[in-house]
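This report describes a two-part assembly for readers who wish to follow its architecture element by element. The sequence and the structure are shown first, and the description follows.

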Amino acid sequence: MTQRMPRRILVGALGVLALALLWELYIFLGPADGVVVGGLTVLPRASEMAMPHLWVMLERALDPVTGSASAVPMWQAVLAASLFTLGISAVGWIVGVTVGLALALLMQRFTLAESAILPWIILSQTVPLIALAPLVRRWGAQIEFGAFSWENWMSVALIASYLAFFPVSIGALKGLGSPDANHVDLMRCYAVGWWKTLWRLRLPASVGYLLPALRLAAASAVIGSVVAEVSIGLRGGIGRLIVEYAGAAGSDPGKPWAPIFGSILVGLVAAGFVGLISLFLRRFRRGEVAA
Amino acid sequence: MTTAATPVQHAVEVNDISRVFTGRKGASVTALDAVNLTVAPGEFVSLIGPSGCGKSTLLRLIADLDTPTSGSIEVFGKTARQARIDQDYGIAFQQAGLLPWRTVAGNIELPLELHGADKAARRERAAELIELVGLTDFAAHYPDQLSGGMQQRVAIARSLAESPSLLLMDEPFGALDEMTRERMQNELVRICAETGAAVVFVTHSIPEAVFLSNRVVVMSPRPGRIRDVLSVNLGRMSDRGENLREEEGFFHSVSRVRELLHGAAPTGARGVETR
């Protein structure tokens, strides 16, 4: 594993490089007006407006956001927005994972709960985010007790958790039910109760199912945050920047790309965090290696 | 057995039990029908018979992993359920059933850990058992690093962890190759002699049953019944060794069991096959 690590990093870097080369190659070879077949554009225009060179994007990121004297370099603005969104995604992820796990435990414990809840869990993901965002915002605005008042970022985090809980509940349910009949029998022979069986058998056995679910949940939480920021109209995050900077594309083609890379960065950090968790839980994935 | 004052207590006492599985559409399968069996303390009893004769079902009933439709089971004078709760038996299945995320030592310690033994006691007991099953160099290995035979030895060590007076074994060597199997049988004989535990042993193999047992219970299928019980007089556990497999008495018992299984004496009974 340690031997292959540098190799994997190298292959990864080569992949990114290949993508960059492909981009530049198309700009070089592609017709400026795109390829149109029977009135349909099948290949995009390769003009400087539509597809700016990579170095244009990079240069633009280093320049100030606007012409005003107080403007910070764009990369700084994007980084700040990325951190903001990352924070909201993290809250959404934690809430989503907690709720997902709780639902999975409930469904594992009571068969009745599984048949009652599972269809609703699946149905919940068919509700479009854009329909949900204004509702959450409106309901949230009515919540207020004492010093606590609902803020818009909480609505965004809630929507992120709404996307994140789904893979966790499904993955955890499958994982908790994954021990062999043999192992379950053994626990019964040892006359231990549900909680001990959960802790010693079901939870460790579910790790192999849980980790991909957590990774999926992290990606969903990031996407949920970015989209919900736009639908709710929360300022300060990367979602807002994407919309804002896209408006400038006509005169400033390099500008919209910076927040897009920012959102990729958020996704990478989120995935990396889950990767770190899986490193600590490596022992519990041994079964997957066994013949 | 009706007199309460009997000083000798059976390890296992199965009284007239039946187990009927009801399937869908009301179709029912009688897995066991009016079965009676007693196992004395320290006695090694094998259950043998074709697939579907209910031998595994009988073992599961004794282990209280399943409940009989009628009849009663006592283990050391208690109900099967109470015996399970009191951890009066150790159990091993055909699949070793080790937890893949625990080391050999960790797997053997599992029952002790679940029942609240302290760390030092657990360590000591695990080390003892690892030595008993000859895996001293593998204590820190994980199950996926072991061969099938080694995994099964760990499972047997685990079943012995709490020094039970009764061992329930469901074809523990069924998935092993012949050579490993014979070696494991030799080891089991030695372990039983050392621990003095009674054993109920489910198997498909006639030589295995004869080699290991004091008594062989021959079962027949549909419905699962005990056809006959054969006493094997091949000497004490501690005296049984590799040479036993070559002895006249061994061959004789093997053909007797085979006759009972097939219901008639087959021709050329002396041509003993190893399985």
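## A loop residue in chain A

Asp252(A) is situated in the loop that connects helix H9 (238-246) and helix H10 (257-280) of chain A. The model is a predicted one, and the values below are computed from it. Is Asp252(A) buried or partly exposed? Asp252(A) counts as partly exposed because it has 16 C-beta neighbours inside 10 Å, and a residue needs 20 or more to be buried. Along the chain, Asp252(A) and Met49(A) are 203 residues apart, yet their C-alpha atoms are separated by 8.0 Å.

## Chain A as a whole

Chain A contains 10 helices and 4 strands. In sequence order these elements follow the pattern α-β-β-α-α-α-α-β-β-α-α-α-α-α. Taken along the principal axes, the C-alpha atoms of chain A fill a box of roughly 75 × 55 × 45 Å.

The domain assignment divides chain A into domain 1 (1-51) and domain 2 (53-63 + 71-288). Between the C-alpha centres of domain 1 and domain 2 of chain A there is a distance of 29 Å.

Within chain A, helix H3 (residues 74-109) and helix H4 (residues 111-124) have axes that come within 8 Å and cross at roughly 145°. On the H3(A) side, the contact is made by Leu103(A), Leu106(A) and Met107(A). These meet Ala113(A), Glu114(A), Ile117(A), Leu118(A) and Ile121(A) in H4(A). By class, the contact of H3(A) with H4(A) comprises 7 nonpolar residues, no polar residues and 1 charged residue.

## The two chains compared

Buried residues make up 34% of the 291 residues in chain A, and 43% of the 275 residues of chain B count as buried. Among contacts with a separation of 6 or more, residues 24 or more positions apart account for 71% in chain A and for 68% in chain B.

## The mixed sheet of chain B

An open sheet of 6 strands in chain B has the order E6-E7-E8-E3-E9-E10, with mixed pairing. Which strands stand at the edges of this sheet? They are strand E6 (89-92) and strand E10 (225-231) of chain B; each has a single partner strand, so one side of each is left without a neighbour in the sheet. From one strand to the next, the twist averages 15°.

Strand E3 (residues 44-48) and strand E9 (residues 215-220) of chain B pair in the parallel sense, over 4 bridges. Within this pairing, Ile48(B) has Val218(B) in E9(B) as its bridge partner. Helix H1 (residues 55-62) of chain B packs on the sheet and touches E3, strand E7 (166-170), strand E8 (198-203) and E9 of chain B. The direction of H1(B) makes about 150° with that of E8(B).

E9(B) also pairs with E10(B), in the antiparallel sense and over 6 bridges. Here Val216(B) has Leu230(B) in E10(B) as its bridge partner. The hairpin of E9(B) and E10(B) has 4 residues between the strands, and in this hairpin Arg222(B) takes a positive phi near 45°.

## The antiparallel sheet of chain B

A further open sheet in chain B consists of 4 strands in the order E2-E1-E4-E5, with antiparallel pairing. Strand E2 (28-39) and strand E5 (78-79) of chain B are its edge strands, each pairing on one side only. Strand E1 (residues 12-22) of chain B and E2(B) are joined over 8 bridges in the antiparallel sense. In this pairing, Thr22(B) stands opposite Ser28(B) in E2(B).

## Contact between the chains

How many residues of chain B are in contact with chain A? There are 16, and they are in contact with 19 residues of chain A. Helix H2 (80-85) and helix H3 (104-114) of chain B each supply at least two residues of the side that touches chain A. That side of chain B has 11 nonpolar, 3 polar and 2 charged residues.

Terms used: Residues numbered from 1 in each chain as written. Chains lettered and ligands numbered in written order. Predicted model: local features only at pLDDT ≥ 70, side-chain atom pairs only at ≥ 80, totals over all residues. Axes fitted to C-alpha atoms, helices over the stretch in contact; angles between N-to-C directions. Contact = placed C-beta atoms within 7 Å. Nonpolar A, V, L, I, M, F, W, Y, C, P; charged D, E, K, R; others polar. Buried ≥ 20, exposed ≤ 12 C-beta atoms within 10 Å, placed from the backbone. Pairing = 2+ DSSP bridges. Domains from an automatic or database assignment.
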